Amino acid sequence: MDDGDTINELNSSSPLDQISHLALDIGGSLIKMVYLSTNREKPVDKTQNSSSKDNLLSGRLYFLMFETSKINECLDFISSKQLHYRGVQQNGFPASDNNTIKATGGGAFKFADLFKEKLGISLDKVDEMGSLVSGANFLLKSVPSEAFTYVNGQRNYEQIDHNDLYPYLLVNIGSGVSMIKVDGDGKFERVSGTSVGGGTFWGLGKLLTKCKSFDDLLEMSHQGNNRVIDMLVGDIYGGMDYLKIGLSSTAIASSFGKAVLDNKELEEYKPEDVARSLLRMISNNIGQIAYLNALRFGLKKIFFGGYFIRGHAYTMDTISVAVDFWSKGEAKAMFLRHEGFLGALGAFTNYQLVEESPFTTMDDNRYPLVEDLNDNGIIECRVRASS
């Protein structure tokens, strides 16, 4: 998802657009933002749920990201677009409190005073794990073509059976990794996790490659060759497979293992190769730990989220191969198009505007509450507006 494109769309949005209901997920490394925009030109739908006091109004959900270390850029953006002042009630649309926005993540506590000082707003803190689960459930039940597998370089979109969604394992890869067993709406348990996550990749990558940003590090890994640094099974067995235990010659026996044998300094290795090896090591371990927890609880569905993934092909391929290998093909890794915004979406759902109901088609003679997913990640939706 290109955040710049989303910002440009906001800058060029119609004056008829009403922007409101901002929600934030302030993590240790990144700030994720979700906000709602509605259009006054589109009439409120009077044909739906005639017995209800609510009508449906067309809207869009936008997604943005900022580095937590540059939180002032986030504050400046909110201020310049007056996102914290856009909650005025219009067209029967319920407004958010002008002085309060929903927020989750540790930063909602850490930076509460800063938001109050700079913007004059209070952060209504929403539980972090609950937000992740709510965001994932909303996407899986309401957004078409949200979940997909990644096999042989191809995305294969999954049709989610809402009657058979639970239980599943949600693996959220942020600065660290949380693994959550989800049994239903509001029914979940954090069953495991690891401190080796996106923050580890970024931190070690910054130390080892002098990269300037997370995206720079990902781009480096895309151009690198981990076999220059990783010790493979074939390096130990003279180029042969170890078939007795199912290991091919190209399987990694030891991440960064060749650095022990090579008489080289760090500067003699290409930063791209270091980044590739680092990404492979972390992704492999997350995939293995995730499957072991799925096995522990008898779960067949494993969804991976968190901004570490970024839709990066090599990351998804590595996680998918790890899950497939350790499960002997019995389990598969599934990814989400809005992987990095689960917490922010979960916080947003606390406004109770967009219902978490299964996606329906026009053939049902009903309007879906979530209609379309644009290439830039914007979600077209219908929100509840009080009559």
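Predicted model: local features only at pLDDT ≥ 70, side-chain atom pairs only at ≥ 80, totals over all residues.

Q: Which residue of S7 stands opposite Tyr150?
A: Start with the strands: S6 covers residues 147-151 and S7 covers residues 154-157, and they run antiparallel, joined by 4 bridges. Across from Tyr150, the residue in S7 is Arg155.

Q: Which residue takes a positive phi in the hairpin of S6 and S7?
A: This hairpin has 2 residues between the strands. The phi in question is near 50°, and the residue that takes it is Asn152.

Q: Is the pair of Tyr307 and Phe341 stacked or edge-to-face?
A: The centres are 5.6 Å apart.

Q: How many residues apart are Tyr307 and Phe341?
A: Tyr307 is in the loop between strand S13 and helix H11, while Phe341 is in the loop between strand S14 and helix H12. The pair links distant parts of the chain, and the separation is 34 residues.

Q: Is Phe341 buried or exposed?
A: The cut-off for buried is under 20% relative accessible area. Phe341 has 2% relative accessibility, so Phe341 counts as buried.

Q: How far from the ring centre of Tyr314 is the charged end of Arg276?
A: Two charges over rings are worth a look here. The charged end of Lys125 sits over Phe109, 5.7 Å from the ring centre. For Arg276 over the ring of Tyr314, the distance is 3.5 Å.

Notes
Residues numbered from 1 in each chain as written. Heavy atoms only, no water. Pairing = 2+ DSSP bridges. Phe/Tyr/Trp six-rings, centres within 6.5 Å; stacked < 30°, edge-to-face > 60°. Buried < 20%, exposed > 50% of the residue type's maximum accessible area, 1.4 Å probe, protein only. Lys NZ or Arg CZ within 6 Å of the ring centre and 35° of its normal.
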